[in-house]
Amino acid sequence: VKYTRAYTAPCASGVALPESFRASKMAVPFARPPFQNALPIVNKMPNGGLEIRARQRLNKEGEFETFLINLAEALERKDEPGDSVVIHDLDVSQNKLSADQFGELFSTLSALNARVVRFRLFGCPTINDDVMSSFADYLRLSTSENAPQEVHLSDCAITTEGFTTLMNALSGTDLYPYAGLGGKRMPLYLRIENNYIESEAIQEKIDEGVLRQYMKSPTRPESEGQKADIIVVAMGNFRQKTGTPPDPDSAPAFKTVNDKASLQAQAALMQQMARPVQPIRHPMMMMQQQAMMMQAGMRPGFGRPGEFVPPPPAGAPPRPPMMGMGNQMNNMGLLGGPHLRPPGMIPGFAALPKNANPQAGTCVPKTPPKSAPPGGGGGHQGGG
């Protein structure tokens with residue numbers, strides 16, 4: 001079942017939206033992802049913010065337009081007209097959006113005064129120098145209150161030209177360092193590995209004090225005037241590709257990324273949410289349950305009354321002792337003696353019939369003989 005909703009051009013903020021979805025009364029399929037996508041693309045968080053889970057989910061025709069409409073409607077739902085909605089995680093990675101579509105996304109965020117904490121734009125073979133120009137314009141229009149704190153641009157098609165455009169935007173604004181927790185002045189967290197940027201250009205920005213090399217650690221040091229931290233695995237190793245970026249249609253397949261935003265993790269989360277919650281059983285409760293079963297003649301390993309217990313295969317070694325809690329209680333003498341006694345030798349268990357064939361299996365009658373003392377303690381019919 002597909003749902004449609006109408007969308008009109010005027011926004012609550014009074015700012016015109018991009019042309020691709022300004023047409024009045026435009027009906028589009030409402031975003032209903034399949035089960036393997038697990039969660040809606042635009043998610044409302046308990047703290048009032050938003051989380052965008054669009055990784056590999058905007059590659060079909062019409063999906064981006066639907067997503068942009070749903071995002072605009074979610075951003076317009078705010079308490080006051082001047083307030084900004086916080087998008088804690090905007091993940092549109094591993095999609096082949098055009099430069100115009102990325103420009104529409106950045107324009108929508110700016111027009112509706114959205115604050116994006118983390119941009120996940122990695123793995124997009126269409127993010128090239130033109131997209132970097134649009135993103136640089138987005139940063140120039142941002143303020144210190146809504147500037148992003150993390151930008152992930154690895155595995156894209158950015159060359160030295162696009163990198164220089166981004167660095168000029170960082171140098172020409174006062175967005176960074178931003179005020180972090182405890183008033184610490186923190187640089188932008190930036191990932192640009194596996195692009196087509198000359199290492200000399202990156203080193204030049206490091207020497208100028210715009211960038212700082214950072215190897216992942218539990219804590220990130222405060223900025224000493226740098227605008228961004230570039231993530232490296234070793235000092236001086238920027239992990240850049242050589243040559244020119246390939247055509248998006250012939251780009252390598254998307255890498256498998258194991259994190260909470262991946263489709264596999266989303267599906268596992270949904271399966272976990274759909275699984276009934278198992279009650280937590282206290283060890284003493286388990287021991288009591290085992291004792292009640294043994295009192296009723298339902299000792300594990302010997303069969304319930306009236307149940308046929310097949311013999312072990314020919315030549316098989318004897319069955320090892322059962323080490324459950326109830327058997328351990330029995331070993332300690334709490335339930336009548338050693339665990340290896342046959343059913344007719346344990347209080348509360350049925351005696352073996354006279355015509356029972358041990359080689360063909362054991363048939364435990366439903367009614368224990370009257371000579372068997374009730375309860376879990378006391379005398380035994382056989383020898384101890």
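Helix 4 and helix 5 are roughly parallel to each other, a term applied to angles under 35 degrees, whereas angles over 145 count as roughly antiparallel, 65 to 115 as roughly perpendicular and the rest as oblique. The structure is a predicted model, in which local features need pLDDT of at least 70, side-chain atom pairs count only at pLDDT 80 or more, and totals for chains, interfaces and linings use all residues. Residues are numbered from 1 along each chain as its sequence is written, and side-chain values use heavy atoms, with hydrogens and water left out.

Two packed helices are described by the angle between their axes and the distance between the axes. For helix 4 (residues 160–171) and helix 5 (residues 199–208), the axes come within 10 Å and cross at roughly 15°. Helices (H or I, at least four residues) and strands (E, at least two) are DSSP runs, numbered from the N terminus; axes are lines fitted to C-alpha atoms, for helices over the stretch in contact, with angles running from 0 to 180 degrees between N-to-C directions. The crossing is right-handed, that is, the near helix is turned clockwise from the far one by less than a right angle. Helix 4 contributes Thr160, Phe163, Met167 and Asn168 to the contact, and helix 5 contributes Ala201, Ile202 and Lys205, contact being defined as heavy atoms within 4.5 Å. By class, four nonpolar, two polar and one charged residues take part.

Arg212 is located in strand 12 (residues 211–214). With a relative accessibility of 13%, Arg212 is classed as buried (under 20% relative accessible area; exposed is over 50% and partly exposed in between, with a 1.4 Å probe and protein chains only). The side chain of Arg212 forms a polar contact of 2.7 Å with the side chain of Asp229 and reaches the backbone oxygen of Glu222 at 3.0 Å. A polar contact is a pair of N or O atoms within 3.5 Å, of which, within protein, one must be able to donate a hydrogen and the other to accept it; residues adjacent in sequence count only if both atoms are side-chain atoms. Beyond four places away in sequence, residues touched by Arg212 include Pro187, Pro221 and Ile230.

Backbone features were also identified in loops. Tyr176 and Pro177 are joined by a cis peptide bond, with omega about 0°; Pro177 is placed in the loop between helix 4 and strand 9 (178–179). Gln56, in the loop between strand 4 (50–53) and helix 1 (63–76), has a positive phi near 60° and is partly exposed at 33% relative accessible area.

Methods
Nonpolar A, V, L, I, M, F, W, Y, C, P; charged D, E, K, R; others polar.
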